[in-house]
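Subject: Structure handover and what was found in it

Dear colleague,

I am passing on the structure that we spoke about, with notes that follow below it. Please open the sequence and the model side by side before you read on.

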Amino acid sequence: MMLLKPIYTIEELITRCKAGERIAQELLYKQFAAKMLGVCMRYATDRMEAEDMLQNGFIKVFQYLKDYRNEGSFEGWVRRIMVHSSIAYFRKHHRIVQVMDMEESGIEPSVNPAAMENMDAKDLMNIIQQLSPGYKMVFNLYAIEGYSHREIGEIMGITEGASKSQLSRARAILKNLVTAMEEKKYGYAG
């Protein structure tokens, strides 16, 4: 005889998790783990490290679940915890080289639009993974997570200007990587 797991709404799962029900915690974990692993992968050096970040993040999710006030998206709340937890993990286990403030040139790197059309999400994530840790974090926080440079500075312990500079440099490096990939794949330059 096969036992079926009960189906709960997110609100019911949250209530049951707050009450300490293990099955609800397992179901909540399973519901969000794959998506949140993708978030952690953006800040990790490899999958094993991302899985460690994910575990640490879910420990914090369950620890702070009592503070969740049902305001906004629960998934967004979990994602925010994963981002902060991943950055904290990375900072604890790796040395991030700080970049000094630089005046921005105001020139945005451009990439051949055809190259971007032929690129899928997996290609883009692989290219982003090639950035140095500081650039990768700033790029992810700004371009993917939507944080402001002021918020990034607070999260990473750098100035707002350093965040802007690192984003500018990350974009330039990404442009070069996309161009190189385009040349290799299609045999022409952008």
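Glu 145 sits in the loop between H7 and H8, and at 17% relative accessibility it counts as buried; the cut-offs here are under 20% relative accessible area for buried, over 50% for exposed, and partly exposed in between, with a 1.4 Å probe and protein chains only.

Before going further, please keep in mind that this is a predicted model, in which local features need pLDDT of at least 70 and side-chain atom pairs count only at pLDDT 80 or more, while totals for chains, interfaces and linings use all residues. Residues are numbered from 1 along each chain as its sequence is written, and side-chain values use heavy atoms, with hydrogens and water left out.

The overall picture

The chain holds nine helices and zero strands, and its elements, read from the N terminus, run α-α-α-α-α-α-α-α-α. Helices (H or I, at least four residues) and strands (E, at least two) are taken as DSSP runs and numbered from the N terminus. Of the 190 residues in the chain, 36% count as buried, and among contacts between residues at least 6 apart in sequence, 66% join residues at least 24 apart.

The nonpolar core

In soluble globular proteins, nonpolar side chains tend to be buried together. A nonpolar core, as used here, is a set of buried Ala, Val, Leu, Ile, Met, Phe, Trp, Tyr and Cys residues joined through side-chain atoms within 4.5 Å. Which members of the largest core touch the most other members? Of its 47 residues, they are Met 82 and Leu 141. The elements that give two or more residues to this core are helices H1 (10–18), H2 (22–41), H3 (47–64), H4 (74–93), H6 (121–129), H7 (133–144), H8 (149–156) and H9 (160–186), and the largest share, nine residues, comes from H2. Leu 141 touches Tyr 43, Val 83, Ile 87, Gly 146, Tyr 147, Ile 152, Ile 155 and Met 156, again not counting residues up to four places away in sequence.

Two pairs of packed helices

Two packed helices are described by the angle between their axes and the distance between the axes. The axes are lines fitted to C-alpha atoms, for helices over the stretch in contact, and the angles run from 0 to 180 degrees between N-to-C directions. H3 and H4 pack at an angle of about 125 degrees, with their axes 8 Å apart, and that makes H3 oblique to H4; angles under 35 degrees count as roughly parallel, over 145 as roughly antiparallel, 65 to 115 as roughly perpendicular and the rest as oblique. The residues that make this contact include Met 53, Phe 58 and Tyr 64 of H3, and Trp 77, Met 82 and Phe 90 of H4.

The axes of H1 and H2 come within 8 Å and cross at roughly 135 degrees, and these two helices are therefore oblique to each other. In this pair, Ile 10, Leu 13, Arg 16 and Cys 17 of H1 meet Ala 24, Gln 25, Leu 27, Leu 28, Gln 31 and Phe 32 of H2.

Salt bridges

A search of the whole structure finds 10 salt bridges, each being a side-chain nitrogen of Lys or Arg within 4 Å of a carboxyl oxygen of Asp or Glu. One of them joins Glu 51 and Arg 47, at 3.1 Å from N to O, and both residues lie in helix H3, four residues apart, which is about one turn of the helix. Glu 51 is partly exposed at 34% relative accessibility, and Arg 47 is partly exposed at 48%.

Another links Lys 66 with Asp 67, their closest N and O atoms being 3.9 Å apart; Lys 66 is exposed, with a relative accessible area of 58%, whereas Asp 67 is partly exposed at 42%. Glu 160 also forms a salt bridge with Lys 164, with the closest N and O atoms 3.9 Å apart, and because they are four residues apart in helix H9, about one helical turn separates them.

With best wishes

Notes: Contact = heavy atoms within 4.5 Å.
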